[in-house]
Amino acid sequence: MPPTPISLREDQWEGSKPGKFFQRGRLLKIDEIEKAMARKEYADDVRDGESSLSMLRIIRAQKDNPIMHCMMKTPARLEVSRLQHVTGRDGFQGIFNDGSFKGKPKKISENNTEEWRCFSWWSVAVPRDTISSIRRVGFEELPCISEQVSLMKMRIYNQFANSPVFKDGSRYGNFKFSFSVEDLVTAYQDQHCSGGPAVFRILGTWTYQQEILHTVLVHGPQYDHLFQDLPEITRDTQQSVYQREDGVFMFNLESTSITFTLRLDSQGHVEGLTGSRRSQCVWNNPSFAFFLPEGGPLKLDISRENLGACKDVKPVMQSRGDRVPVKEATKLIQSHFQARDGSQGIKNGISTLPGDNSLEMRSPKRRRQLDDHHSA
């Protein structure tokens, strides 16, 4: 069956920011998004300032340079083994104290029916070896590898897989909850599927100035009537997301870069870019939305293996008052575990919490070594 034609109506544009709309039931590719925006005669209305950063402008600017366009659209296949939910201080305390995740309402309709549903949103945790593999493949698929390109290999490597998807930190907070897909889906099935298996569908595509958010919906079979218009995930490897025979989810990402600090031309010449001359890119953000009627809850056993502190990644999306430094976030996590189960969180003077490298948590011997070093 041929894909449904893309229709871009006035009500699909959320707010006044350019390049932001929702397509229900489809994971749109970059070229499809460009065509949809062009049908809106959007290019004629672009003004200076914030509008100059719009997705349509970025896509078209990249097309002006075929080599850069090729780099922007370097595909990557991403295996989904773990999912993560990142939040600020208030969200962390609520989740930890309740031992559960709540759903937040989001509009998932393209018309005036105002269909709002509650979801718990999770992003994909990407292992470091996957990042290295994506960068290697991206470099090898460059259409022109000159001597200069070879000499700058590592700098060009880092042009790939540099979007927020591949960062250790997050735009959404300093407290990262992480679970295997298997554990998360099992808990969801036990609590929200009435004894049946979870159903996986394509929820849709949201686009922002640079981000293309692709979302998989997870819901119980008793709610089929709410989402029957959405296609289920298949084993078709050509789709933006599919499920392997072993049940593992795979995302086919078109673009993994948020910005290029180097420019390549057709002869393989490399030019460094600074400040406003840096090339911005659109990038794919794969995610999962767990449907939670009435807002939840989704209860999970939270251990030190599932929770850690992380740094901010720009652009920061949470309020300033909800952000804390990594050291403070780590201490808050430790104190909450101590209050909950009485464990110390420190063995032999060394923190057992993931990601904690603060001076206060180091062993007495290591602190003396550092003191001697600084006083030398």
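Q: Which residues have the most contacts inside the largest nonpolar core?
A: This is a predicted model, in which local features need pLDDT of at least 70 and side-chain atom pairs count only at pLDDT 80 or more, while totals for chains, interfaces and linings use all residues. Residues are numbered from 1 along each chain as its sequence is written, and side-chain values use heavy atoms, with hydrogens and water left out. A nonpolar core is a set of buried Ala, Val, Leu, Ile, Met, Phe, Trp, Tyr and Cys residues joined through side-chain atoms within 4.5 Å, where buried means under 20% relative accessible area, exposed over 50%, and partly exposed in between (1.4 Å probe, protein chains only). The largest core has 63 residues, and those with the most contacts inside it are Leu83, Tyr188, Phe288 and Phe290.

Q: Which residues does Phe288 touch, not counting residues up to four places away in sequence?
A: A contact means heavy atoms within 4.5 Å. By that criterion, and with the residues up to four places away set aside, Phe288 touches Val80, Leu83, Ser120, Trp121, Trp122, Val124, Thr215, Val216, Val218, Phe249 and Phe251.

Q: Within what arc do the buried residues of helix 4 fall?
A: Helices (H or I, at least four residues) and strands (E, at least two) are DSSP runs numbered from the N terminus, and helix 4 covers residues 89-98, with Phe92, Ile95 and Phe96 as its buried residues. The arc is that of the directions from the helix axis to the C-beta atoms. Asp90, Asn97 and Asp98 are exposed on the other side of helix 4. Seen down the axis, the buried residues line one face of helix 4, because they fall within an arc of 95°.

Q: Which elements do the buried residues of helix 4 pack against, and which residue follows helix 4?
A: The packing partners are strand 3 (82-87), strand 4 (100-101), strand 7 (175-180), strand 18 (307-309) and helix 10 (326-341). The residue that follows helix 4 has a positive phi, near 65°, and is Gly99.

Q: Which exposed residues does helix 1 carry on the face turned away from its buried side?
A: Helix 1 (residues 30-39) has Ile30, Ile33, Glu34, Ala36 and Met37 as buried residues. These fall within an arc of 165° seen down the axis, so they line one face of the helix. The face turned away from that buried side carries the exposed residues Lys35 and Arg39.

Q: Which backbone atoms does the side chain of Thr205 reach?
A: Thr205 belongs to strand 8 (residues 199-207) and, at 0% relative accessibility, counts as buried. A polar contact is a pair of N or O atoms within 3.5 Å; within protein, one must be able to donate a hydrogen and the other to accept it, and residues adjacent in sequence count only if both atoms are side-chain atoms. At 2.6 Å the side chain of Thr205 reaches the backbone oxygen of Arg26, and at 2.9 Å the backbone nitrogen of Leu28.

Q: Is Ser194 buried or exposed?
A: Ser194 has a positive phi of about 50° although it is not a glycine, and it lies in the loop between helix 8 (181-192) and strand 8. Ala161, in the loop between helix 7 and strand 7, also has a positive phi, near 50°, and at 1% relative accessibility Ala161 counts as buried. Ser194, at 66% relative accessibility, counts as exposed.

Q: What is the omega of the peptide bond from Gly296 to Pro297?
A: Pro297 lies in the loop between strand 16 (283-291) and strand 17 (298-299). The peptide bond that joins Gly296 to Pro297 is cis, with omega near 5°.

Q: How many disulfides does the structure have?
A: A disulfide is a pair of cysteine sulfur atoms within 2.5 Å. Cys193 is buried, with a relative accessible area of 1%, and Cys281 counts as buried at 0% relative accessibility. By the sulfur rule, the count of disulfides comes to zero.
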